[in-house]
Amino acid sequence: MRGGRVRRVNVVSDVHGNSRDLATAADGADALICLGDLVLFLDYADYSRGIFPELFGAENARRLVELRTARRFDEARAFGAGLWAGIEEDRGAVVEKAVRKQYAELFAAFPTPTYATYGNVDIPRLWPEYAGEGTTVLDGERVEIGGLVFGFVGGGLRTPMHTPYEISDEEYAAKVEAVGEVDVLCSHIPPEVPELVYDTVARRFERGSRALLDAIRRTRPRYALFGHVHQPLVRRMRIGATECVNVGHFASSGRPWSLEW
């Protein structure tokens, strides 16, 4: 730390298996903040990457992406269920084994210090096994870094996708409330603003949080940082006194977003 005080943090979100770039994501900074989605189940741009194609092949991954992009979620679930029916092992055990393999590699790449929260595709109960002493996991909690107070709200809201860490609007709002007034509000999903939640490639509105939006308007943090929407219509906008920033789809860009003060 320069002069004993943190003056720059690098922020990433939606890592989705990119451990190579994660290992250098804090270069030039005093700390790394990670806003979740470490796991890669399915890459919408490269059908050969992720847990799903490792099990069922790239062509089946392409078909699943087509169904999801067309919002044919019932067909997508039926298609996936048919593939899983051919796997003799327990589905949960197979997925957990693959996730554990990714977590071992990704958590090992985290620099010290790292402050992290969960994404909607993460499995929170596994994190304590992999987070080392240099990684602080926060969810509905606050921490001071270099004189600024950072609040963290992890996970996502319930959707037809049924990803691993989706919770009710009420439970999510309670975590936002627990964070309270902060200088920097960090979450995996965006506040519920159309320009921030629309994905221009997937051609759909992802779920944003009304509770986050209300908290931003009420408490006026300096920054609201988030990810989740990989190709947003707008990456940055102001809501009153707050600068709202989508810190990027790190899996594809490999570049962190830097906050200096």
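The following legends describe close-up views of a predicted model.

Local features are given at pLDDT of at least 70 and side-chain atom pairs at pLDDT 80 or more, whereas totals for chains, interfaces and linings use all residues. Residues are numbered from 1 along each chain as its sequence is written, and side-chain values use heavy atoms, with hydrogens and water left out.

View A. A search of the whole structure finds one cavity of 30 Å³ or more; a cavity is a set of points on a 1 Å grid over the protein atoms alone where a 1.4 Å probe fits but cannot get out. The space in the largest cavity is about 30 Å³, a volume being the space filled by probe spheres set on the points, joined across faces, edges and corners. V176, V179, G180, V182, L185, A215 and T219 form the lining (an atom within 4 Å of a point). Helix 7 (169–179) and helix 9 (210–219) each give two or more residues to this lining; helices are DSSP runs of H or I with at least four residues, strands are runs of E with at least two, and both are numbered from the N terminus.

**View C. Strands 13 and 14.** Strand 13 runs antiparallel to strand 14 (residues 242–246), and four bridges join them. R236 has V245 in strand 14 as its bridge partner.

Key
On a 1 Å grid over the protein atoms alone, a cavity is a set of points where a 1.4 Å probe fits but cannot get out, and a pocket is an open set with protein on both sides within 12 Å along at least five of seven lines; lining residues have an atom within 4 Å of a point. Two strands pair if DSSP finds at least two bridges between them.
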